[in-house]
Amino acid sequence: QLPKQNMELLPMDEAEGSEPLRSNSSPFEDASPTKRSFGGFPFRLAAPILSAVIIYASVFYMSEHSSQTAERTSRDALATGSAIQAVGIAGPSFCWLVTRSYGNELALVKAHYKNHRSIFACDDHIVFSDKEDLSPIKAENIGPMESKRAPWGGWYNTEVFLTAWDRLARSGHFAAHSWIVKVDADSVFFPDRLPAHLMGLNPAAPLYVKDGQTMLGAIEVYSNAAVQVFADQRVAVCNKDIQVSGEDGFINKCMETLGVKASVDNSLLKSTTNIPDCADHQYVVFHPFVDEASVDECYKLGK
């Protein structure tokens, strides 16, 4: 910014003998008050050029400053996670599942991969298994996955899934995503339907979405903030009954204990094995479908 000179420019048609510039201290003065110049040019010719240069420089500075500020703000927003805080924006999703490296589960996951569906249709994804090479799928190896059968017909599989959760938290892969979604291998999952179910929910607030009074492992939806809370406090707060619980019930109880709020969505999951039910497009997941033929039929009806 140029210093103020307390200048007064007089009309250009003023008499030749009059003083064209009054200034307390002017950098343009020479020995003769009637022959002031700037860079060898008479001041009356140089003044308009100088003014134009000053205006151009000011505009250029403001443009550059605004551009740099916008770039810095965008960069900072991504770094702090504030870019995902807008209420009403569903945001990109990070999806994951756990599968054994053999048997029917793996066959279903490979079919999902081949047809670009389930978690492979999300913005980003990860597969956890007991080996890394599930050709053509590359998985994160979390070790042995054997679990005991529970009295209700499910599995005491909390420890296996906590290993996956801990690996996910340490990797930080989810951090750039608004919503983190866990599904089962035998879930018929339509990721493109999920944003409509998340509208109005804030991913920067600790919350999770479940179907009904409890959460079922067929689909679990968590805000970015909820996963951050879980990653930071789970070991200290949720460390009981790990060996004698199913992962969905354990995580549901843990979220409640951590103060993470639940949002109930009764059209998130349709528990069914009836293929015609897949024609109901309000649901995000249909479960369980345990063979490739029925899974294919369900996806066809869901298109």
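This briefing walks through the disulfides, the salt bridges and one histidine of the structure above. The model is predicted, so local features need pLDDT of at least 70 and side-chain atom pairs count only at pLDDT 80 or more, while totals for chains, interfaces and linings use all residues. Residues are numbered from 1 along each chain as its sequence is written, and side-chain values use heavy atoms, with hydrogens and water left out. The structure holds three disulfides, and a search of the whole structure finds 10 salt bridges.

**Disulfides**

- A disulfide here is a pair of cysteine sulfur atoms within 2.5 Å. With the bonded cysteines of the chain numbered in sequence order, the pairing reads 1-2, 3-4, 5-6.
- Cys 95 and Cys 122 are joined with an S to S distance of 2.0 Å, and the link is left-handed, with -85° about the S-S bond. Cys 95 sits in strand E5 (residues 93–98) and Cys 122 in the loop between helix H2 (103–114) and strand E6 (124–129), so the bond ties together parts that are 27 residues apart in sequence. Helices (H or I, at least four residues) and strands (E, at least two) are DSSP runs, numbered from the N terminus.
- Cys 95 is buried at 0% relative accessible area, and Cys 122 is buried at 11%. Buried means under 20% relative accessible area, exposed over 50%, and partly exposed in between (1.4 Å probe, protein chains only).
- In the disulfide of Cys 238 and Cys 254, the sulfur atoms are 2.0 Å apart. The torsion about this S-S bond is about 90°, so the disulfide is right-handed. This pair links distant parts of the chain, 16 residues apart: Cys 238 is in the loop between helix H5 (224–237) and helix H6 (247–257), and Cys 254 is in helix H6.
- Cys 238 is buried, with a relative accessible area of 6%, and Cys 254 is buried, with 2%.
- Cys 278 and Cys 298 are bonded at 1.9 Å, S to S. Their torsion of about -100° about the S-S bond is why the disulfide is left-handed. Cys 278 lies in the loop between strand E17 (269–271) and E18, and Cys 298 in helix H7, so the bond ties together parts that are 20 residues apart in sequence. Both Cys 278 and Cys 298 are buried.

**Salt bridges**

- A salt bridge is a side-chain nitrogen of Lys or Arg within 4 Å of a carboxyl oxygen of Asp or Glu.
- Glu 105 pairs with Arg 100, their closest N and O atoms being 3.7 Å apart. Glu 105 is partly exposed at 29%, and Arg 100 is partly exposed at 25%.
- Lys 138 and Glu 132 meet in a salt bridge of 3.4 Å, N to O. Lys 138 is exposed at 67%, whereas Glu 132 is partly exposed at 43%.
- Lys 300 bridges to Glu 297, with the closest N and O atoms 3.8 Å apart. Both residues lie in helix H7 (residues 292–302), three residues apart, or about one turn of the helix.
- Salt bridges that share partners also join Lys 182, Asp 184, Glu 220 and Glu 247 into one network.

**His 287**

- His 287 is found in strand E18 (residues 285–287) and is buried, with a relative accessible area of 16%.
- Leaving aside neighbours within four places in sequence, the residues in contact with His 287 (heavy atoms within 4.5 Å) include Asp 184, Asp 186, Ala 218 and Lys 270.
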